[in-house]
Amino acid sequence: MVTVNINKISKLDNQVNESYKRLRTNVQLCGNDIKVIAVTSNIPNEGKSSVAFYLASSMAETGKKVVFMDCDLRKSVLIGRYRIKNAKLGLTHYLSGQNEYDEVVYDTNVPNLNIIFSGPVPPNPAELLGGTKFKMLLSTLRRNYDYIIMDTPPVGSVIDGVVVAQQCDGAIMVISHAEISVKLALNTKTQLDKCDCKILGAVLNKVPLAGSGYYGKYYGKYYGKYYGKYYGKYYGNYGSYGDE
């Protein structure tokens, strides 16, 4: 297994770090049968990718064997954000049959944490994520890891997120403070309910904190208004930088 260095991990202050510990504890209290967890949102740039990554890292800190899987095949930000240089293969390479399982799983410099990157943007992301190869991959990961944390596309915006959520034991909704209407959040919840994905809870992100500014200080700014503005075409570049 090839090792990659995650070179640019933001140092969280104590208050934010404690929030992730509480999130981690709440997930663990959901039961031993909750292993595959989707982290999703309503629209882009609510911070779901950061929440998913730091949750996976927090889980790994407890000694659990964790794999973080980037399932946002249309707009991955992971490689660009963390300045990862030697990751050449990803999920799309495996799902399209070009590479084997052990070629797309990377070890990291974070103890107990492995990563599966998204790979290059495919022409048929929903079909790949809904195919037999994806189900086979999850079956293998369930045997090899304590937790599989999946960064998914926003459920409220493209079908890919729903397709992934169908295969998960539960989902966490990331909701950006003061940017998401109750109606939109409820629509996202309805989508998850329809695909029989258990909602484990919600993370209210980018909340003003006394003396700490905004969560966005750590997770990035909100750049987009509607997901369709971006996902109306294939614009994502493998390794590009953004705030998912």
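Helices here (H or I, at least four residues) and strands (E, at least two) are DSSP runs, numbered from the N terminus. Keep in mind that this is a predicted model, in which local features need pLDDT of at least 70 and side-chain atom pairs count only at pLDDT 80 or more, while totals for chains, interfaces and linings use all residues. Residues are numbered from 1 along each chain as its sequence is written, and side-chain values use heavy atoms, with hydrogens and water left out.

Is asparagine 99 buried or exposed? Its relative accessible area is 13%, so asparagine 99 is buried. The cut-offs are these: buried means under 20% relative accessible area, exposed over 50%, and partly exposed in between (1.4 Å probe, protein chains only). The side chain of asparagine 99 also makes a polar contact with the side chain of glutamate 103, at 3.5 Å. A polar contact is a pair of N or O atoms within 3.5 Å; within protein, one must be able to donate a hydrogen and the other to accept it, and residues adjacent in sequence count only if both atoms are side-chain atoms. If we leave aside neighbours within four places in sequence, asparagine 99 is in contact (heavy atoms within 4.5 Å) with Leu89, His93, Tyr94 and Val104.

**The whole chain**

Now step back. The protein chain has 11 helices and eight strands, and buried residues make up 56% of its 244 residues. Among contacts between residues at least 6 apart in sequence, 82% join residues at least 24 apart.

H1 has 15 residues and reaches 21 Å from its first C-alpha to its last, close to the 21 Å expected at 1.5 Å a residue. That expected span is 1.5 Å times one less than the number of residues. Which residues of H1 are buried? They are Val16, Ser19, Tyr20, Leu23, Arg24 and Val27. Seen down the axis of H1, these buried residues fall within an arc of 140 degrees, so they line one face of the helix. The arc is that of the directions from the helix axis to the C-beta atoms. Here is a handy rule: an α-helix has 3.6 residues a turn, so residues three or four places apart point the same way.

The face of H1 turned away from its buried side carries the exposed residues Asn14 and Arg22. The side chain of arginine 22 makes a polar contact with the side chain of serine 19, at 3.2 Å. Arginine 22 and serine 58 are 36 residues apart in sequence, and their C-alpha atoms are 10.0 Å apart in space.

In H2, 13 of the 14 residues are buried, so this helix is largely enclosed by the rest of the structure. The end C-alpha atoms of H2 are 20 Å apart, which agrees with the 20 Å that its 14 residues should span at 1.5 Å a residue. After H2 comes glycine 63, whose phi is positive, near 95 degrees.

**Rings and charges**

How many aromatic pairs does the structure hold? There are four. Rings of Phe, Tyr and Trp (its six-membered ring) pair if their centres lie within 6.5 Å; planes under 30 degrees apart count as stacked, over 60 as edge-to-face and the rest as tilted. One of the pairs is tyrosine 20 with tyrosine 54, which is tilted, with 5.6 Å centre to centre and 45 degrees between the planes. This pair links distant parts of the chain, since tyrosine 20 is in helix H1 (residues 14-28) and tyrosine 54 is in helix H2 (residues 48-61), 34 residues apart. Tyrosine 20 counts as buried at 6% relative accessibility, and tyrosine 54 does so at 8%. Tyr20, Phe53, Tyr54 and Phe68 form one aromatic cluster.

A charge sits over a ring if NZ of Lys or CZ of Arg is within 6 Å of the ring centre and within 35 degrees of the ring normal.

| Lysine | Ring | Distance to ring centre |
|---|---|---|
| Lysine 65 | Tyrosine 145 | 5.2 Å |
| Lysine 133 | Tyrosine 94 | 4.2 Å |

**Loops with a positive phi**

Most residues other than glycine have a negative phi. Asparagine 112 is not a glycine, yet its phi is positive, about 70 degrees. Asparagine 112 lies in the loop between strand E4 (106-108) and strand E5 (113-116).
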